[in-house]
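I opened the notebook to look up a few things in one structure.

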Amino acid sequence: MLSAVPVIGLAGCQARADHRPLSLWAMSYEGDYSPLLIPAFTAATGLDVEVQSLPTTASHEKLLTAFAGGALPDVLMLFNSWVHEFATIGAIAPVTRPALLAQMVPGILASTRVAGRDFAVPWSVAPQVQFYRRDILAAAGWDAAPSDWAGWRAMAKAVKRRRPDDYVFLMLLNWPTALITMLVQAGATMLRDRDTRGAFQTPEARAAFAYYVSLYTDGYAPMALSTEIQDPVAAFAAGYCAVWPSGPTTLVDFTRRADILPRERWSTARLPAPDGPGAVSGLASSLCVSTQTRRPDAAWALVRHLTSIPSELRYQRLIGNLPARIDAYQSPQLATAVLRPFAEQMHQPAALPPVIEWERIQIEIQYAAERIVRGVQTMDAALAALDDRVDRLLAKRRALLDAGAIA
């Protein structure tokens, strides 16, 4: 906090001119638990902060509506896949203080850079790993979860042989992250022609879809949606599934429910790729300063506080998500065996297409996979239709590129 005194001093000057609290909007666990990080900031600066926790499913539309109405908060959390969009429409300001980015993991920082400029400060990182039931795998002859696709299938076959009425993988059909990860790991680019058209009929994309679909059609994963398995922690504890690809917030859920899932029964490992651990898709969020704020110095001071090592470490204890700062990993708090796979994965994030339409494209990818899994469409038909839908979603981008309006 002492290193932030020059910035805080400017924030204090602004505060004397405007006595309203700063505003911060955030989603998910970050939104729910951010108020616990504010008292230290207020004590050091004299600035009050009002935190609004947005529902994740409605936050994108709410933020766009607020921008159109000139009602954005001073500081807003964005999922990293949204940064490009909000920078493009002029809703967030570029980072003007390089010191805020000095200790960030480079791969994560790359996802918040638009046209060579940084528009966000990475905050909360949630790479996926595999949580696995040590007891169930051990009974099937496996000391740990495999790290390649062939090993995953061999392990699944062994577990299914011993537990024919249960499943192996907890991957629900409306959870897109596992499939996106497999596409990246298989070398699929997903988009082509300067990210203006779909590329889902390539050999790499077909290999990823085929592997993903086989886990369902061979009976290793349930053909179910999250609405059908509303308590995945209980399902995992009951042995309904033995391997669950998930993020670090699951650590908090497991700790809270240790009565049904004792710590010695489970562990973590990096997700498998075709030939060993590789890049993994996962949620990461960053903090941005709105272009509509009247107190930019105070807003940047708040960002600096929330992304400081003490704040990041407290957040990790509260919600499980990991810091984006390299220097935070010197803390013994992050040196535990169960966190090691997450820390290693942070340095190998999946590079996703940097297009505004990515959120909608990701939904279309999952819809196509579900149609194949359920036998509604063949692989050829589903991937051809997916390319067509993605091409239509990217029509405006093609037009803007052709007109020279974007690079």
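The entries below follow that order.

**Basis.** The model is predicted, so I kept local features at pLDDT of at least 70 and side-chain atom pairs at pLDDT 80 or more, while totals for chains, interfaces and linings use all residues. Residues are numbered from 1 along each chain as its sequence is written, and side-chain values use heavy atoms, without hydrogens and water.

**Cavity.** I looked for cavities (sets of points on a 1 Å grid over the protein atoms alone, where a 1.4 Å probe fits but cannot get out). The whole structure has one of 30 Å³ or more. The largest cavity holds about 70 Å³, a volume being the space filled by probe spheres set on the points. I listed its lining (residues with an atom within 4 Å of a point); among them are Trp149, Met171 and Gln185. Helix α9 (a DSSP run of H or I, at least four residues) gives the largest share of that lining, four residues.

**Salt bridges.** I searched for a side-chain nitrogen of Lys or Arg within 4 Å of a carboxyl oxygen of Asp or Glu. The whole structure has 13 salt bridges. In one of them, arginine 389 pairs with glutamate 364, with the closest N and O atoms 2.8 Å apart. Arginine 389 lies in helix α17 and glutamate 364 in helix α16, 25 residues apart. Arginine 389 is buried at 18% (under 20% relative accessible area, 1.4 Å probe, protein chains only). Glutamate 364 is buried too, at 17%.

**Cysteines.** I counted zero disulfides (pairs of cysteine sulfur atoms within 2.5 Å). Cysteine 241 is buried at 0% relative accessibility, and cysteine 288 is buried with a relative accessible area of 0%.

Note on methods
Buried < 20%, exposed > 50% of the residue type's maximum accessible area, 1.4 Å probe, protein only. 1 Å grid on protein atoms, 1.4 Å probe; cavity = no way out; pocket = protein on both sides within 12 Å on 5 of 7 lines; lining within 4 Å. Helix = DSSP H or I, 4+ residues; strand = E, 2+ residues; numbered from the N terminus.
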